[in-house]
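Please look over the structure before reading on.

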Amino acid sequence: MKKFKYTVIAMLAFWLVSGCQKYVDSNINPNTPVTADASALLPPIEAGMARGVWFDSRFIGQYAQVWGSSAANNVWDEQGYTPGSDNNGEVWRTVYFSLGQNITLLQADALPKQKWDYMGVSWAIRAWGWQKGGDLYNYMIVKEAFDPSRLTFDYDTPDYVYAEVVKDCKLALNYLNLAINTDKLTVSPTLAKGDYIYYGDRSKWIKFVYAILAQNALHISNKASFSAANVKKYADSSFVSNADNAGVQNNGTQSGDSNFWGPARGNLGAYKQSDYMVRLLDGRIFTGSTTPNYTLDPRLPILLAASKDGTYRGVITTNGDPNSADPNMLIPYLFGTGITSYPVAGTPQKYLFNDNTRGLFMTYPEVQFFRAEAQYRSGDIPGAFATYQIAVAASIDFAGNPPSGTNLTGSQNNITAAAKAAYMAGPCVRQSAATLQLSDILQQKMIALFVWDPLEVWADERRYNYDPTVFQGLTKPTTLYPDNAGKLVYVVRPRYNSEYIWNVPALQAIGALQPDYHTTKPWFILP
Amino acid sequence: MKKTLLIFFLALFVLGANSYAQNRTITGKVLSANDNSPIPGVSVKVKGGPGSTVTNMLGVYTITAQQGQTLVFTFIGLVPREIVVGAVSTINVTLKEDQTSLDEVVVTGFGVKQDKRDLTSAVQTVKGSDIQQTQRENFVDALQGRIAGVSVTSTSGNPGASASIVIRGINSIGQSNSPLFVIDGIRVSNDAVDQSLLTSNGDNRREDFTNRIADINPDDIESITVLKGADASAVYGSSASGGAVIITTKKGHAGPGSITYDNDFGFSNEYRFPKIQTTFGVGSNGATSAAVRTLFGPAYAPGTPTFNNLKDIMQTGRTTINNVALEGGNETSTYRVSVSNRNSTGVLPVEYNDKTSLRLSGYSKITPTLTSSASFNYFNIDNRKLNKGNSGTYIDALAWPTNDDVRNYLNPDGSRRTLLPASAANVTADGTIDFDNPLWDAHNNISRDKTNRIVSNVDLSFDPLEWLNIRGLFGVDFAATSGNNFLSQYSSSYQNSPLNGFASTSGISSGGIIDNYTDSDLQTNGSLFVTGKKTFGDFRTTLSAGFEYVSSNNDMNGYYGEKFIQPDFNSINNTTPTSQRSSETLAISNYISGIARLGVVYKEMLTVNATLRKEYNSKLNQTLGDSYIYPSVGAGFIFTELPALKDYNKVLSYGKLRFSYAELGKGPYYPYQTLSTLLQQTTTGGGFAYNVTGGNPNLVAERDKEFDLGAEFQFFNGRLGADISYYRVTAGNQLYTPRISYGSGYVLENLNGGVIQNHGVEITINAVPIKGKQFNWDLFVNFTRAGGKVVSLGGLPEYYNSDTWLYSNVRASIFPGSSTSNIAAYNYARNNAGQILVDPSTGLAISNATFGVVGDRQPKFTIGLGNHFTYKDFDLSFLFDIRKGGDVFNGNEMFLTRYGLSARTLDRMTPVIVPGVLKDGKENTATPTVNTIQVTPYYQNTYYTSNIDADFIEHNINWVRLKDVTLSYKLPQSLLDRQKLFKAASVFVTATDVFMFTNYTGADPDVNGTNSSTLGSGAAGFDYGTLPTPRTISFGLRVKL
């Protein structure tokens, strides 16, 4: 009997232990989901793209001399960097964190559910990320990226990064075409649910992918393998008007969903228009005149801001604003003439300075400038001239009708048809193929990219090795950052808090621990 | 065997019968020497004779004995007495508590009492009365110095401050190193609220939250046993990897009922302050400026009144404690009820902590083989707190201009008096903040927690056979806390805001903030064990097998709002609806384990213990394996049992060598670490994106391997005792959440990696130098030497807990090869030859802007020295806490220096040349340019404001602190006999933290920069913005009815 009792107790104990497994089967987080529908993941990914460009534009804009610091000898104006800081490391964050695993998760939802358009869009954004990253950082982590079993991550060579862009673009095109072929819809309501760039318009996404391919093909312009025909071909499949421009919606209701350059975010204070931009827009560079003419370019009052005394002034790099103590002569905020105190959040502003201005990635004029440059370099000067004219005209349209809210292109018509025609016929625009210079294409492009894409401006300047005949307003900084050892800046260091503490051996392998690493020339500009 | 017994009893009977004729009746009363209360159940025997009896409920006995025979009085826990029967027939006896008795029987696993002889690992016990007599609000603080190997650091000197306790150093770099707390066999929570779980996602340094074990009424504690090493984890599993603190509560005693009442009135005063200068006034670079608060301006005009504002805001903190305990019972059932009420106010204004505890416990022998006990404990705590750290009261008081009286903080109309116009524009950098007036802050920025808690347990024990016991325990610990954080719309203090990406925002710029939470924590815990005890020849064996489960359910709900509609109305309903945010963090975890223990004792000389434990842990579910097994073995050898040594036992009465080896598996601290989680976004279109921390499905349990060697000695019949331990832990598979390359797709990732080593020596000495009729002196010494080293971090270069990044660039980072309690800071930039680099444009030293090893918070050793004297009815005890070595970050001094307030900035008129070489491009050549740039700090205050962080790490900090001293006087029995009401009465006076001798230049090196919920090595030794522990003097009386 006793034996029986203990057998029962022992059996009971065993039963309990075998039940353990079930008892501990509870490690699913009740507070937050671990998977989500692709349409819930896409909006932050798209917003992350804008964030990367915005944050780094501040510093790249100083390298490119689109703007400068109002204080003299700013390290970024000196083409240096801030050691121990994440400044100018935002595109790194965008590629690896904002896009990174989020795109992987989006694809994990989209692929089995055959949401081909989400697949296409996700590959397009991956491609865009590698293109931005490859241009800034040269070496990138591609093969080992996102591997949960790794603690450190080796870098891949820049040619591999550039090839990855093409590979991902092709995947994107395949999926987008598959999506259209499957349901015969150009605008997909499913994609529209999560897409704040094109609201589900797959054909526009296809154009955007071609724009990325065009940029990828153009950037290797110094290489023997450069194909102007490819650039032209891709550009022709790309945007056909400003209504195709790639940019993401900003609601402008609070800090998190507002345009970086709008009043709510308050980021413009430290950045003052450059002397170079002023000279581009007041005609001194294009006409060769030594006196500024504020009436030549209708974009001048829209893009830049005059001092209280009516004069347009800009920062000559590293000099700061010499008149900062004089309220009449100091360089105002870009918001408008004489503005030195920040406008209230939500108040309407000009150009791209509204809280709900779209966060732009690529535009029709920009792609036309790709095409013009490629044609020019291939010797097709008349073709280049025609494209150049289209591009300049489109850039005036863009400045006059900046996109905001859900509108891909605005309808403000801030520049009248007459003003546009006058400019097109004026001395700033070449009137014949014979007089067209590379500097006309690239500097008109610089105006077209003003504020929203200093990254592309800097890529152009680097491709031409800061050539003062192409970029006629560039000023070599009188003082360069000490670590530069007299050399100009050519690459951006990987993000400090990602790489300079946590991935040091990989940095060592690419030489990024050298004090002058940022002056090494990236692969894409080399012959 | 039975036969022998029979013959023995027969012989006794015959002997007894033989002497019967000369017997007479002796009666008397047995009283406790402690409080003169009668002791029922004392065994009274005639030595060498057959007579024996026990005292009744009133402590009265009657026995027959002859003159010249000896009566022996014995009772567990009391010193036996022998009295020769004389001519009188009434013999009253008082019995003293046996000081060493607690060492003999200790409560280890699941409420089981074990003979200390049978243990094979390090265990130490403290009496509850020693803890209680310190009258400390957080009894954990009273453990410092009383147990070797235990390190306790209080967060601050405020009421309700948390205390972090670490036993035998750091074994986990990224998880909790707090020991497990067990009350009467049931686990109870010691969690402090983690500020990062509030909707504002705060860091654990702006506010303090009491560690929950401090709720316990010290007057309910009978004894505290600390299981230090391997054995603790063998018994209690992975949650006891940091050791276990086993609390045994007071139970009712059989006998006449009694009521005990005691009270305490305490007065606290702050006596340690940072040194400040009052020569120079507000300004910068030698010029007066209205826009700053820094004291880099011109010297005050002679005769200008100046103030020590920090001192001026202090007050006397008052504590009132009232305890009542009722007990009673008979041989089969007892009960005890205790009520405690405690109110304390702080040395800073406004703050207070009110605690009420109600405890019921009962025991009953239901049948001869079935016993049951149960307890129920209710707590109510109301804690009004002041903020600490960066914009806390302490820093605010220091930052107040020295020519302005801080006490004058209101305008005549009752509104806040500001010195600078309170606008957001002034809240830019340290130097230009218009800090809140600390008194205004204390009154208007509210931080308050209210807790209701129930801890209850049931214990059933069944002995179906003489050698077999089945025991089941079940317990519930439920605490509900509601917290209110109110930041006035007029305040320039700041905190994190979820509306702003969790960046800091001030009360002014946010229009006021309510950041409330409700936290409900439920932990249930049960165990069932079958234990068999049998002796086979020379082998005494114990085999125990059973299982234990722990289930915890923590639900933290936060709700947040900004932009008050009606100023200063403290309700979430007063915030603008569009600014309201809420958050929920529900953490459920279960774990269950099967345990088998075997103990074999050979000839009462050699002991072998072995344990096998298998744990199933829900926190490792969703990985490759959610269970792990680990063993422990131990051996003890009582060499004084060797026949050859028996002759020497007058000198060496007891000697034991012990050894144990244990392995331990330890799952993650938080659940849900395996899968990455999505966070809702505020960008256009909303949606979800991955949070910064990546989950990891490859996680496995941490693995500790601990080796423990010890020796125990008792000399001269226990007059001198020593216990020496050496341990070494190798803790591998460290689970932590470091920053990682974004190449992972995350900013931080949960991962396994790294090995740490931790070792130490503990020596405990107990001695009774004088033992007399009227005068007694006993003392103890606890010596601790410990140290941990990071062997590797799995390939990563550094790991830090961002909570510890309190001020400037100093934090608790660890590196491969560094100590586990390392301090990392920015240091001087140097050239290849090691010379300091100087900026050619400023003449100031350049910071290397890199975190590197600059100090180690681990002391070389600590000593707790306790003395206890009794003289007649007087009783004096005191405890010294002595520390040698160990580094402290003097963040207050760094702040004061950067603020121009430190006494070290007085010398600002003297030009200095920073010794070093210029960073002019030639610094690494054979001929670097020696710096000759002269700097006059008075005109160039960047000399102070851009100073190098590493300079503020103070090295080799020693202290001697009188932790506590108590003098009590017991009213003599002759006096008490004149009345009927009181059976015993005593009065006492106690002082805690009486004085401190230290080479530390700041106020108090014994502080903690964060609260006790910070994981890893915590922030003990980070002195910034924290109120030092004040001196408290209290007195009271204790009576027994």
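A:R51, A:D86, A:E90, A:R93 and A:R495 form a network of salt bridges, a salt bridge being a side-chain nitrogen of Lys or Arg within 4 Å of a carboxyl oxygen of Asp or Glu. The model is predicted: local features need pLDDT of at least 70 and side-chain atom pairs pLDDT 80 or more, while totals for chains, interfaces and linings use all residues. Residues are numbered from 1 along each chain as its sequence is written, chains are lettered from A in the order in which they are written, and side-chain values use heavy atoms, without hydrogens and water.

**Salt bridges**
- Over all chains the count is 68 salt bridges.
- B:R168 pairs with B:E762 in a salt bridge, with N and O 2.9 Å apart.

**Contact between chain A and chain B**
- The contact (heavy atoms within 4.5 Å) takes 59 residues from chain A and 65 residues from chain B.
- The two chains bury about 5,200 Å² between them, 61% of it on carbon and sulfur atoms; buried area is the accessible area (1.4 Å probe) that two parts lose on being put together, summed over both.
- Between chain A and chain B there are zero salt bridges.
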